[in-house]
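Here are my notes for your first read of this model. Keep the structure open and find each residue as you go.

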Amino acid sequence: MDLTLSDEQRLLRESAERFVGQTYNAEHRRKLLNDPLGFSAAIWKQFAELGWLALPIPEAYDGLGGGAVEIGILMEAFGRGLVSEPYLSTVVIGAGLIAESGNETQKQALLPKVADGSLYLAFAHSERAARFDLAEVATTATKAPDGWSLNGRKTAVLDGNAAGQIIVSARMADSSAPGKLCLFLVPADAAGLIKRDFPRLGGGRACNLNLRDVHLPADALLGDGADALPAIEAVVDRAMAALGAEAVGIMQTLLDQTLEYTKIRKQFGQPLSANQVIRHRLADMAMNCDEARSMALRAALMADAEPVVRARAASGAKAKIGKCARFVAEQSVQLHGAMGVTEELDIGSYFKRLLAFDTLFGGSAHHYRRHAALSGKAVHT
């Protein structure tokens with residue numbers, strides 16, 4: 001298997017790292033803390049001009065037709081700058097669900113808007129009792145004379161406060177196929193939709209949703225009403241691959257900053273890095289970064305594989321990267337001493353983002369169990 005980046009992929013990595021390095025700094029992140037969106041709409045427009053929003057969208061819908069590896073290259077650069085723009089929620093998950101489940105009319109109407117930066121999306125799926133089980137959905141959709149009526153609660157909807165359209169999962173309550181899981185497009189200003197916004201650990205915002213008799217037109221149903229669980233699983237697996245790449249970018253930045261700090265911080269007349277024990281810790285951090293990068297790349301390469309293979313690679317990556325990320329983050333804070341948790345240094349911000357990574361779509365323990373369960377299933381060749 002040739003793992004060498006193509007010329008286009010190298011150019012993408014270089015341009016992304018250059019843009020992030022020039023744009024994202026501690027002052028920029030502090031400004032966003034008080035922004036009601038949690039990100040910069042102006043920078044989002046720049047993403048669109050650079051073609052990053054169109055990257056994974058099919059060419060038929062004004063996209064560039066890129067794959068999971070290209071998304072991983074971009075997300076790793078985003079991790080280095082702690083980018084808080086809703087790329088994961090809008091482009092990777094939202095546009096991914098529309099591409100997987102939407103009918104032709106919905107794709108033509110929505111995907112070009114994502115590509116040009118005029119539409120933000122969010123995916124409302126998690127519920128308090130689900131415990132990361134994607135099939136556990138209690139929200140209901142009842143057929144009405146003029147469309148649908150949705151009732152239920154959703155938790156931790158990434159960037160739901162900024163989304164123009166929220167993709168909500170619900171089970172049919174009284175149709176020809178009761179209990180079937182479907183997806184619905186809910187406008188952000190729909191009557192009966194109550195949002196409670198809150199800041200996320202490590203940057204960005206999320207919200208909890210309460211749907212009380214939210215009435216939707218008939219065409220709000222995404223696609224033809226087929227079971228949406230396979231599409232949800234596929235898109236979430238790709239999202240975990242993207243998150244893994246972002247975590248690798250964060251880990252590499254922590255390693256680079258910690259290595260630089262141990263070279264200039266002196267104790268007993270010599271740099272910290274002169275101590276063999278410190279060198280061992282730095283070597284372990286570097287090894288964990290490399291292991292995480294390999295797992296993230298494998299998850300990206302398997303993103304379009306047969307479902308069991310794809311899911312196993314995604315869960316394996318999420319579990320392993322979560323473990324590596326915690327180690328690198330903790331060692332970085334320890335080697336910086338008390339300064340590692342102050343707001344004057346970026347180390348604390350990167351540490352928080354890695355903690356948030358471990359909770360999104362399930363932590364390491366959950367995905368070790370999922371990987372083990374999938375390992376017992378036959379792979380169709």
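**Notes on the predicted model**

1. Start with Asp-159. Asp-159 is buried, because its relative accessible area is 6% and buried means under 20%. Look for Asp-159 in the loop between β3 (147-158) and β4 (165-172). Its backbone deserves a check too. Asp-159 is not a glycine, yet its phi is positive, at about 55°. Bear in mind that this is a predicted model.

2. Now turn to Arg-131. Phi of Arg-131 is near 55°, again a positive value in a residue other than glycine. Arg-131 sits in the loop between β1 (121-124) and β2 (140-144). Is Arg-131 buried or exposed? Its relative accessibility is 64%, so Arg-131 counts as exposed. Asp-159, by contrast, is buried.

3. Next, the salt bridges. How many does the structure hold? The count is 15. One of them joins the side chains of Asp-346 and Arg-29, with 3.0 Å from N to O. This pair links distant parts of the chain, 317 residues apart. Asp-346 is in the loop between α9 (307-336) and α10 (347-359), while Arg-29 is in helix α2 (residues 26-33). Arg-29 counts as buried because its relative accessibility is 13%.

4. Look at Lys-154 and Glu-127. They form a salt bridge, and their closest N and O atoms are 2.8 Å apart. Lys-154 lies in strand β3 and Glu-127 in the loop between β1 and β2, so the pair ties together parts that are 27 residues apart in sequence. Lys-154 counts as buried, at 1% relative accessibility. Glu-127 is buried as well, with a relative accessible area of 11%.

5. A further salt bridge joins Glu-246 and Arg-353. Here the closest N and O atoms are 3.1 Å apart. What does the pair tie together? Glu-246 lies in helix α7 (residues 229-264) and Arg-353 in helix α10, so the bridge ties parts that are 107 residues apart in sequence. Glu-246 is buried, with a relative accessible area of 10%. Arg-353 is buried too, and its value is 6%.

6. Salt bridges can also share partners. In this model, such bridges join Glu-17, Arg-80 and Asp-256 into one network. Select these three residues together in your viewer.

7. Glu-70 is a case to look at slowly. Glu-70 is in helix α4 (residues 68-81). Glu-70 is buried, yet it has no salt bridge. Which side chain of opposite charge is nearest to Glu-70? It is Arg-238, and that side chain is 11 Å away. A salt bridge needs a side-chain nitrogen of Lys or Arg within 4 Å of a carboxyl oxygen of Asp or Glu. Glu-70 does have polar partners. Its side chain makes a polar contact of 2.7 Å with the side chain of Gln-9. A polar atom of the Glu-70 side chain also lies 2.8 Å from the backbone nitrogen of Gly-67.

8. Now for the surface. Which residues gather in a patch of positive charge there? They are Arg-128, Arg-153, Arg-196 and Arg-212. Take Arg-196 as an example. Arg-196 lies in strand β6 (residues 193-199). Arg-196 is exposed, because its relative accessible area is 57% and exposed means over 50%.

9. There is a nonpolar surface patch as well. Leu-3, Leu-297 and Leu-301 make this patch, which covers about 240 Å². Leu-301 is found in helix α8 (residues 276-301). Leu-301 is partly exposed, with a relative accessible area of 36%.

10. Finish with Pro-36. Pro-36 is in the loop between α2 and α3 (41-50). Pro-36 is exposed, and its relative accessible area is 63%. Now find Gly-204. Pro-36 and Gly-204 are 168 residues apart along the chain, but 9.7 Å separates their C-alpha atoms.

Notes. Residues are numbered from 1 along each chain as its sequence is written. This is a predicted model: local features need pLDDT of at least 70, side-chain atom pairs count only at pLDDT 80 or more; totals for chains, interfaces and linings use all residues. Side-chain values use heavy atoms; hydrogens and water are left out. Patches are made of residues with over 30% relative accessible area and no salt bridge: like charges are joined within 9 Å, nonpolar side chains (Val, Leu, Ile, Met, Phe, Trp, Tyr) within 5 Å. Accessible areas come from the Shrake-Rupley method with a 1.4 Å probe; for residues, only the protein chains shown count as cover. Lys and Arg count as positive and Asp and Glu as negative; His and the chain ends are not counted. The place of a charge is taken as NZ of Lys, CZ of Arg, CG of Asp or CD of Glu. Helices (H or I, at least four residues) and strands (E, at least two) are DSSP runs, numbered from the N terminus. Buried means under 20% relative accessible area, exposed over 50%, partly exposed in between (1.4 Å probe, protein chains only). A polar contact is a pair of N or O atoms within 3.5 Å; within protein, one must be able to donate a hydrogen and the other to accept it, and residues adjacent in sequence count only if both atoms are side-chain atoms.
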